[in-house]
Amino acid sequence: MRLSRRGLLRAGLATGAATALGGLASGCAVPTGSTGRNMVLWYWDGGLGDTVLKKAKARYDSTVDLQAIKIGGYYRSKLITTMTGNAHVPDIAGLKGEDMASYLPNADQFVDLRTLGAEKYRSRYLAWKWEQGIADDGSMVGFPIDCGPVALFYQYQVFRKAGLPYEPADVSEELDTWEKYFAAGEQLRKRIPGTYLLTDVNSVFENAVQQDSKRYVDKDRHFIGDQAHVRRAWSLAVEAKRRGIVSNLVTGTPDQISAVDDGKLPSQLGASWATYDIKNGNPKTKGKWRIADMPVRPSNNGGSFLSITKECREPEQAFEIITWMLDAANQASGYVDAGLFPSTPASYGLKQLREPDPFFGGQVTTDVFGPAAQKIAVAYNSPYDVALGQPIKDEIKNVGVLGKDPDKAWSDAMSKCRRIAKHLGVSY
């Protein structure tokens, strides 16, 4: 069954992406499917490590001409458009983690990786990550690339000056609940005026939701974003605002970057890939940071997959390439190259991931991210989660930035969710 334009449009709505399905495929001048030795792989900038791509091309050169095409712009839109038009479809396609749920209802457009022997690899990968690539009918669409376990980043000397625990093990142990973390924020602001624990309330809300085993829509296509797990995350974010431990700055702005450099924003909840963001965005802070466990339990932010499209004429060959590229050794290489934290626990003990990081005071950051990755709660990811989570995220931002009344903001969020749910055919 060919994926209909209506089905794709619905998937686009479900992820909140207003994607125009016309006019994009012509911009992707790549071959259509495998033709003998030719095989095409699509990915985005930073989606795969350069080293493993070069090694794969050399390794399989005798049997296939592997063409890895880096697609710029709106990757998901271009892939959907290409598959809808049935022209220039890649054999192997990267699927971003945040978009994964939107592809699963159209699993028939991809090769079920179970038919190629994927099950024998299951035990080598994080269980929760493996499950994210499986559709409701049990077919496997995505093979795990990386993940994004979240931890607590903090500036060592600032915490020490504020009289807070400052060694990673002590921070992990003593700030292990949201209440203790918020209390630390109050002490920080009292001891060092003008200093805030976090940039905004959204980081509290989104990470608290991600800590749970439920999101916004369940398997029965019922909206659950009004239930206790989301209300609790909302209340935590509101509490952070009430206690004055979040700033009024916007992430990525010059003022926010300057505040981080000056130690005025000495703490953040960030995924493993945030190590590279901090290094690139705040190079002056080299040596000042440490990493500890986030309060309560880790959440996950990011991580992607590789799939094989139905247009691939040599799926067995494609699967061999994928499983080799994403084995433990090559995933470790991907972390060094592109900050792609491995979804293969066997990688965590390899030399590449055991190197002390001078930017983080010589800390071996895998000692935090490795265990965190293995504690992520398994959650059902609905193709409608993004569309029905966005109004709530927008309104909690209004509370944090504009000072909107939290009760009014919640009521407005639920009204928007009801309208969107009705449009998408999600029961409320």
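This is a predicted model: local features need pLDDT of at least 70, side-chain atom pairs count only at pLDDT 80 or more; totals for chains, interfaces and linings use all residues.
## Helix α16

Helix α16 covers residues 385-402, 18 residues in total. From its first C-alpha to its last it reaches 25 Å, close to the 26 Å expected at 1.5 Å a residue. Just after the helix, G403 takes a positive phi of about 75°.

The buried residues of α16 are D385, A387, L388, G389, P391, I392, E395, I396, V399 and G400. An α-helix has 3.6 residues a turn, so residues three or four places apart point the same way. Among the buried positions are L388, I392, I396 and V399.

## Nonpolar cores

The largest nonpolar core has 52 residues. Within this core, W178, Y181, F205, W234 and I392 touch the most other members. At least two core residues come from each of β6 (150-155), α6 (156-161), α8 (178-191), α9 (202-210), α10 (228-242), β7 (267-271), α16 and α17 (406-424). Another core, of 32 residues, lies apart from this one and includes Y43, F143, F319 and I321. In soluble globular proteins, nonpolar side chains tend to be buried together.

Leaving aside residues up to four places away in sequence, Y181 touches L152, L175, L197, L198, S267, L269 and P295.

## The three-stranded sheet

An open sheet of 3 strands has the order β7-β6-β8, and its pairing is antiparallel. Strands β7 and β8 (289-292) stand at the edges with a single partner strand each, so one side of each is left without a neighbour in the sheet. Direction ignored, neighbouring strands of this sheet are turned by 35° against each other on average.

Between the antiparallel strands β6 and β8 there are 4 bridges. F153 stands opposite I291 in β8.

Most residues other than glycine have a negative phi. N86 is not a glycine, yet has a positive phi of about 55°. Its place is in the loop between α3 (75-85) and β3 (92-95). N86 counts as partly exposed because its relative accessibility is 38%, and buried would require under 20%.

R221, also not a glycine, has a positive phi of about 60°. This residue is in the loop between α9 and α10. With 29% relative accessibility, R221 counts as partly exposed.

Definitions and conventions: Residues are numbered from 1 along each chain as its sequence is written. Side-chain values use heavy atoms; hydrogens and water are left out. The expected span of a helix is 1.5 Å times one less than its number of residues. Buried means under 20% relative accessible area, exposed over 50%, partly exposed in between (1.4 Å probe, protein chains only). A nonpolar core is a set of buried Ala, Val, Leu, Ile, Met, Phe, Trp, Tyr and Cys residues joined through side-chain atoms within 4.5 Å. Contact means heavy atoms within 4.5 Å. Two strands pair if DSSP finds at least two bridges between them. Axes are lines fitted to C-alpha atoms, for helices over the stretch in contact, and angles run from 0 to 180 degrees between N-to-C directions.
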